[in-house]
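Please keep the sequence and the model in view while reading.

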Amino acid sequence: MNKTLAFFICLLLTVNPAYANRDTLLPETVIAAVAQELSGETAKRSLEYIARHHRMRGSRGFRAAAEHIVEQLRAYGLTDARIEQFPADGKIFYGTQRSRPPWDAEFAELWELRETSAGWAQNIRLASWEAMPVSLAQDSESGEVTTELMDVGNGTSERDYAGKDVRGKIVLAAAQPGLVARLAVERFGVAGIVSYAQNQRTAWWGENENLVRWGHLDTFALKPTFAFMISPKQARNFQGRLARGEKIKVHATVRAGKHPGFYDVVTAAIPGADPSLRGEEIAFSCHLDHQRPGANDNASGSVTILEVARAFSKLIREGKIARPARTIRFIWPPEIEGTLALLNAHPELSSRIKAVIHMDMVGGGPETKAIFHVTRGPASLPSFINDVAEHFAEFVNEQSSQFAKGANATYPMFAPEGGKEALQAEMAEFSMGSDHQIYSDSSIGVPAIYLNDWPDRYIHTNRDVPANIDSTKLARAAFIAAASGYVLSRITPADSPAIQEMMQPFALERTARAMRSRKTIDFAAWYERGMKDSVARFFTGPQPLKRLVRGPTAAFGYDFFAAHYKGAPVRLNPAYQYEALNLWNGKRSDREIAEMLSAIHGESVATAEVTEYLNALGSINVIRRAGSAPSK
């Protein structure tokens, strides 16, 4: 008999039919205490404060939000709450992340001018930092100019500038400012940029002409510039007038720039009760930065873990739940780069963290069109903790669905100020884009649960506002996170049988999906063995691979691979590179890695492309690779 098929038959035969009732992993008393204590309204009150601040890395707005978090934590009884600082000056590296200097703005306005008998005068204010900080692109530098506005289409191709004298002008462009600046500023001498870049593409892409998207310039650009962001509606007005031959004159004033400073990272902990386990930690993670208002992204995740901290502290103090055996840590960093700074500056921290519950966008109400996801870790790092999260998500799905239908629900977990819809959490495969990918990188090796909304039609725009946040959803996301974290904070090897039993239905569901595609069945068997083995690994601690640098090769605002590798272009799909590096361990062959990537992504991956990519990593001293010549 085929060994893989035999494995799955064995899996089927070992399922305990008694588990069909899906008993929860927590006692009823704990479920009741946590469900009743968590408050979506309390979380949303903090969200409304945080959303007032334009929270760029190292900025005054970020600091104000961080100080609010610390103040709240101390009021909740977490007396060790503090802000840790890590120097960021553009030169210091934290693993694969080149530190980006903090950025602040004092003033920025863009005016359209009109010609009068006395000269040019202000006519219409097109953008204002004071009124809408998102209208100034991040990493803009100071400047002042009165000049013409010229349309360059997308602004990222030389043909966009053909026959146009743009030197000293401000250009109107459809692409993100950072992409436009590489040609417009560095090549053609443009004075500044006005961008009407659309939001991330979803089914609602382009429908709302009044959205203003968050814009970015390259932190490490060769030539400094500034950029303003306007709505597509305003841009089309300009395009029509320019096409008719009208001259449009604008005046831009910007007082802003980067400066040496620090990444601020808020941390606090609830100490574990077991002397033999309190040195181990379960971490709740989010990211505190983003544009104003940035309500769902990611004030929602930030206040939800704050609410978990409040509820745990209160319930422990009142004796309604036992203190966790392991320490529970809460972390509020700038996205990705702050997490890399923390884990590289304190490598002992990642060795203590057994698992992470990461929350990034967890409060989107019906207006956002968001779907709530419980997202698994990378396929290269199988971990039972994802089944724990799915276990509690199914519990909330069932209870909230019963409540929405008018049936009996013991734990509806709805907020009086929130909605009454069913949660309908969707279990999703690994996706990148937030701090969970740092923890799950094989050089760190900490498994992560990722709770997130997608799509969200207002992400990264001026419409990501508190009014679109559902306090009921905040409470339910908090429960899934809190219940998962509390279980992980208390389990011991004696609980392994119960954990394995809980995993069996999820394994069967994954097995059924795998068996519909013979191409992936061998990998599915490997994955399920890894899932079972992960229970024992949890009690021995993370087992990171000893790479030459810690962290993914493409982080946030800085691409380590692109900055260091100068050889021939690699062909491996960038979407596959994270898992390819995670799967490399110095023992697997390139062919094995290619086959595993093919199974993970559902399409054939050539061994030659994997070899090419891994050799490139060896050449820039990321891994020790036989046959590749490291750079000096």
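A residue is called buried when its relative accessible area is under 20%, exposed when that area is over 50%, and partly exposed in between. The model discussed here is predicted. Because A256 has a relative accessibility of 10%, it counts as buried. A256 is placed in strand β10, which covers residues 249-258, and, once its neighbours within four places in sequence are left aside, its contacts are W103, D104, A105, L136, S140, E141 and S142. The C-alpha atom of A256 is separated by 28 Å from that of D360, a residue 104 places away along the chain.

**Aromatic pairs**

Across the whole structure, a search finds 21 aromatic pairs. One of them joins F395 and Y411 in a tilted arrangement, and it links distant parts of the chain, since F395 belongs to helix α10 (residues 385-404) whereas Y411 lies in the loop between α10 and β16 (426-428), 16 residues apart. Both F395 and Y411 are buried. The rings of F403 and F414 form a stacked pair, because their planes meet at 20 degrees with the centres 4.7 Å apart. With F403 in helix α10 and F414 in the loop between α10 and β16, this pair therefore ties together parts that are eleven residues apart in sequence. F403 counts as partly exposed, at 22% relative accessibility, and F414 is also partly exposed, with a relative accessible area of 32%.

| Pair | Centre to centre | Angle between planes | Arrangement |
|---|---|---|---|
| F395 and Y411 | 6.0 Å | 45 degrees | tilted |
| F403 and F414 | 4.7 Å | 20 degrees | stacked |

Elsewhere, F284, F312, F330, W332 and Y486 make up one aromatic cluster.

**Charges over rings**

Two contacts between a charged side chain and a ring can be described here. R98 lies over the face of F220, at 3.8 Å from the ring centre, while the charged end of K354 sits over the ring of F538, 5.5 Å from its centre.

**Helix α14**

F538 also falls within helix α14, which runs over residues 521-538. This helix has 18 residues and reaches 26 Å from its first C-alpha to its last, close to the 26 Å expected at 1.5 Å a residue, although α14 bends by about 30 degrees at K532. Which residues of α14 are buried? They are I521, F523, A524, A525, Y527, E528, G530, M531, S534, V535 and F538. In an α-helix there are 3.6 residues a turn, so residues three or four places apart point the same way.

Definitions and conventions
Residues numbered from 1 in each chain as written. Predicted model: local features only at pLDDT ≥ 70, side-chain atom pairs only at ≥ 80, totals over all residues. Heavy atoms only, no water. Helix = DSSP H or I, 4+ residues; strand = E, 2+ residues; numbered from the N terminus. Expected span 1.5 Å × (residues − 1). Bend = angle between axes of the 7 residues up to and from the residue. Buried < 20%, exposed > 50% of the residue type's maximum accessible area, 1.4 Å probe, protein only. Phe/Tyr/Trp six-rings, centres within 6.5 Å; stacked < 30°, edge-to-face > 60°. Lys NZ or Arg CZ within 6 Å of the ring centre and 35° of its normal. Contact = heavy atoms within 4.5 Å.
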